[in-house]
Amino acid sequence: MATQKRAARSIGSAATAGLGLMRALFARGPRRRRQEEILAELLQQLTLMTDEIHRANVIQQYRLTVDQMDRMVDDPSLADTASTLPGLSKGRRRQMIFANRQYGNLLLAHRVGVCDWDELLGHLRVLCRNEIFAEYWDRTVEHRRSLPADSMEARVGAAVDVMLEELADDPDEWWIVGPPPAVGLRPDEPSAGPVA
């Protein structure tokens with residue numbers, strides 16, 4: 001993902017540099033202003049296209065991850081090669097893989113702009129009520145420790161931690177647990193991908 005971000009910045013930097021050179025080449029006056037307007041519009045379109053390519057790459061990477069998870073669910077011997085959770089039966093391992101997949105799908109929806117922060121929290125509140133997801137979350141706590149603290153995934157993880165703690169304290173108030181909705185994330189923030 002970092003390579004994609006660098007590539008996107010390189011395209012934007014090249015376009016900006018090109019715009020500067022083009023400005024120097026054109027004569028002053030109305031013709032130059034119109035050419036600058038056209039170049040500015042092209043630069044804006046190029047930026048939008050770069051963002052769309054990045055989102056498409058994120059979605060494609062997630063499709064590849066989901067394909068691997070599907071194979072692991074279908075073939076327990078493959079699940080054994082990818083799992084870092086000891087002491088699970090084959091059935092329970094499949095459930096953990098699927099819980100990971102559900103969580104990853106919610107992260108992807110937020111990252112590509114399908115749902116905003118408040119909607120993400122709402123979906124996570126429902127997911128946190130599931131005992132298997134709660135077990136998955138507890139078993140994978142070490143996986144999340146290496147995430148950069150300012151990453152989207154670390155902040156979402158902290159929100160899930162709060163939800164699960166509050167849910168344990170008062171299960172009847174599940175619809176209001178979690179961090180306040182004012183804390184938001186931009187959908188385009190980088191993420192380490194689903195936690196496995």
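R92 and E135 form a salt bridge (a side-chain nitrogen of Lys or Arg within 4 Å of a carboxyl oxygen of Asp or Glu), with their closest N and O atoms 2.4 Å apart. The pair links distant parts of the chain, since R92 lies in helix α4 (residues 90–111) and E135 in helix α6 (residues 131–139), 43 residues apart. Salt bridges with shared partners join R92, E135 and R139 into one network. R92 has a relative accessible area of 26% and is therefore partly exposed; buried means under 20%, exposed over 50%, and partly exposed in between, with a 1.4 Å probe and protein chains only.

This is a predicted model, in which local features need pLDDT of at least 70 and side-chain atom pairs count only at pLDDT 80 or more, while totals for chains, interfaces and linings use all residues. Residues are numbered from 1 along each chain as its sequence is written, and side-chain values use heavy atoms, without hydrogens and water.

The protein has eight helices and zero strands, where helices (H or I, at least four residues) and strands (E, at least two) are DSSP runs numbered from the N terminus. Of its 196 residues, 33% count as buried.
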